[in-house]
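Here are some notes to read beside the model. Each point takes up one topic, and the last ones come down to single residues.

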Amino acid sequence: QVQLVESGGGLVQAGGSLRLSCAVSGRTFSTYAVGWFRQAPGKEREFAATINWSGMWNSGSYADSVKGRFTISGHNAKNTVYLQMNSLKPEDTAVYYCAIRPLDNFRTYYYTENAYNYWGQGTQVTVSS
């Protein structure tokens, strides 16, 4: 079993920054992908960013809506994946979830919810205007 715990959410003004953390524990995979998704009130959960680990981290991939503002990174010694969010907008308000799956190919990115096996409980991010 794999456990994921998100942290770092909160209330921030538009233009501000937050860094989310996703701590991974339990029987993790030797190579894996971690994705960040978000769900705004009344909307479906959507992809935000993803990154792969296979002895090293790759550069990651982003949704167009966050590209250039969000940065995903990993710290394997801490089994933690981060999502640095800059220039936040009110439309970034959502519950943010991280998820993990085993990796088939280091160059393959996974953009859909059903591609991931385990999920965290989420952390709320609220951006005020």
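Predicted model: local features only at pLDDT ≥ 70, side-chain atom pairs only at ≥ 80, totals over all residues.

1. A term is needed before anything else: a strand here is a DSSP run of type E with at least two residues, and strands are numbered from the N terminus.

2. What is the secondary structure of the protein? There are zero helices and eleven strands. Read from the N terminus, the order of elements is β-β-β-β-β-β-β-β-β-β-β.

3. On overall size, the C-alpha atoms fill a box of roughly 40 × 25 × 25 Å along the principal axes. The radius of gyration is 14 Å, which agrees with the value near 14 Å for a compact globule of 129 residues. Among contacts between residues at least 6 apart in sequence, 60% join residues at least 24 apart.

4. Next, the surface and the charges. The protein exposes about 6600 Å², and carbon and sulfur atoms supply 46% of this area. There are 11 positive and 8 negative side chains, and the centres of these two sets lie 7 Å apart.

5. Of the 129 residues, 45% are buried. In soluble globular proteins, nonpolar side chains tend to be buried together. Here the largest nonpolar core has 39 residues, and those touching the most other members are W36, I72, V81, L83, M85 and Y96. Elements giving two or more residues to this core include strand 1 (2-7), strand 3 (18-26), strand 4 (32-39), strand 5 (46-53) and strand 7 (70-75). Strand 8, strand 9 and strand 11 (123-128) are also among them.

6. Which residues does L83 contact, leaving aside its neighbours within four places in sequence? They are L18, R19, L20, W36, A49, F70, T71, I72 and Y96.

7. T80 is in strand 8, which covers residues 80-85. Is T80 buried or exposed? Its relative accessible area is 10%, and buried means under 20%, so T80 is buried. Beyond its neighbours within four places in sequence, T80 is in contact with S21, C22, A23, S73, G74 and H75.

8. S87 has a positive phi of about 50 degrees although it is not a glycine. S87 counts as partly exposed because its relative accessibility is 42%, and that class lies between the 20% and 50% cut-offs.

Terms used: Residues numbered from 1 in each chain as written. Heavy atoms only, no water. Helix = DSSP H or I, 4+ residues; strand = E, 2+ residues; numbered from the N terminus. Buried < 20%, exposed > 50% of the residue type's maximum accessible area, 1.4 Å probe, protein only. Contact = heavy atoms within 4.5 Å. Rg over C-alpha atoms; globule rule 2.2 N^0.38 Å. Areas by Shrake-Rupley, 256 points an atom, 1.4 Å probe, with all protein chains shown as cover. Lys, Arg positive; Asp, Glu negative; His and termini not counted. Charge placed at Lys NZ, Arg CZ, Asp CG, Glu CD. Core = buried A, V, L, I, M, F, W, Y, C linked by side-chain atoms within 4.5 Å.
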